[in-house]
Amino acid sequence: MIHLTFLAVLYFLPTIIAANRGHEVAGILLLNLFFGWTGIGWIALLLWALLSWPRYYCPDPRYDPHGYYWRRW
């Protein structure tokens with residue numbers, strides 16, 4: 001039973017990483033279900049989850065932490 005759990009976690013590792021990094025998980029989960037059994041598909045999904053920028057890393061261009069927008073003299 002422990003082996004089966006370990007293999008399931010290993011199989012869904014790209015989906016778990018993507019969920020922890022704040023990605024949209026639905027696409028990665030579906031691709032992982034259908035193409036994760038191939039070695040190339042699993043590696044591609046793992047790279048996609050690790051190397052792409054999640055939404056919460058993109059800064060808001062309207063955010064001005066130093067207040068320079070309001071200090072125009």
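These are my notebook entries on one predicted model.

**Ground rules.** I number residues from 1 along each chain as its sequence is written. In this predicted model, local features need pLDDT of at least 70, side-chain atom pairs count only at pLDDT 80 or more, totals for chains, interfaces and linings use all residues, and side-chain values use heavy atoms, with hydrogens and water left out.

**Confidence.** I looked up pLDDT (the predictor's confidence in each residue, from 0 to 100). The chain has a mean of 82. In it, 73% of residues reach 70 or more. I then went through the helices (DSSP runs of H or I, at least four residues, numbered from the N terminus). Helix 1 (residues 2-11) has the highest confidence, at 94. The lowest is in helix 3 (residues 25-35), at a mean of 90.

**Helix 3 against helix 4.** I checked the axes (lines fitted to C-alpha atoms over the stretch in contact, with angles from 0 to 180 degrees between N-to-C directions). Those of helix 3 and helix 4 (residues 39-51) come within 9 Å and cross at roughly 165°. The two helices are therefore roughly antiparallel (over 145 degrees). Which residues meet? From helix 3 I noted Ile28, Leu31, Asn32 and Phe35; from helix 4, Gly41, Trp42, Leu45 and Trp48. By class, this contact has six nonpolar, two polar and no charged residues.

**Threonine 15.** I found threonine 15 in helix 2 (residues 13-21).

Key:
Angles under 35 degrees count as roughly parallel, over 145 as roughly antiparallel, 65 to 115 as roughly perpendicular and the rest as oblique. Contact means heavy atoms within 4.5 Å. Ala, Val, Leu, Ile, Met, Phe, Trp, Tyr, Cys and Pro count as nonpolar, Asp, Glu, Lys and Arg as charged, and the others, Gly among them, as polar.
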